[in-house]
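The sequence and the model are shown first.

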Amino acid sequence: QQIIMKKLSLLLLLVLSFTAVNAQKKEIKEKFKNYTDEKVYTIDGNEIVVSRVINDVPGTNEEVYIKVKDFFTRNYRSANAVLQTDDKEAGTIIGKGLFNNLFQTKSLGIATGVLKCYHILRVDIKDNRISVICSADSWEDFDSKGIFNRSFLITDYAPFTDKRYWDKGKQMEAFLVLVDEMIDTIDGLEKTVKQGSLTIESEDW
């Protein structure tokens, strides 16, 4: 009887695990559909783009410029992050950053590596408002020891094509993590220009 109970318990555990996995997959698919339908992101060529116009930004253009520079200073800390354009007169700042260790890849439950992603953040300042564009086009794949494997275009693989680099569902999940990171970056910038402070600072840029 104990053997039967153990087998039933194991079967119940497997059923619950299967149900939980299926529920998570459904949630990820629904989130991807919502993000796509609501244009949370757009695709421009090979670029994944998240953009926002932030209105009612207090201060002069120069004061807003200083706040934007403060955001870049706080977030662009690594050697992988470089200001590509810093034009105070035009009110344009463009930086290249790295979303570090965005998603962990696994095989049979064992970690096999991590995905990172370079991105461009462009900020244009004009008359108490700023335009923010965050874009990215490629995954940077590293193995579990931190050794670079290769770079590949996000739009060449799932969830945008049937082609997969590894599990399609996980690629969709990784993409959603990337979009959320882009949104969080713009949220942080908006908080900085409107409140003059940043409570969450990332060293992954």
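## Lysine 88 and its surroundings

The side chains of K88 and E62 form a polar contact at 3.3 Å, that is, a pair of N or O atoms within 3.5 Å, one able to donate a hydrogen and the other to accept it, with residues adjacent in sequence counted only if both atoms are side-chain atoms. K88 lies in the loop between β3 (82-87) and β4; helices (H or I, at least four residues) and strands (E, at least two) are DSSP runs, numbered from the N terminus. Beyond its neighbours within four places in sequence, K88 is in contact (heavy atoms within 4.5 Å) with E62 and Y65.

## Basis of the model

This is a predicted model, in which local features need pLDDT of at least 70 and side-chain atom pairs count only at pLDDT 80 or more, while totals for chains, interfaces and linings use all residues. Residues are numbered from 1 along each chain, and side-chain values use heavy atoms, without hydrogens or water. The mean pLDDT (the predictor's confidence in each residue, from 0 to 100) is 86, and 83% of residues reach 70 or more. Over residues 198-203, however, the pLDDT is below 50. Where pLDDT is low, the predicted coordinates should not be read in detail.

## Helix α3

At the start of α3, a side-chain oxygen of D167 comes within 3.0 Å of the backbone nitrogen of G169. Just after α3, G196 has a positive phi of about 75°.
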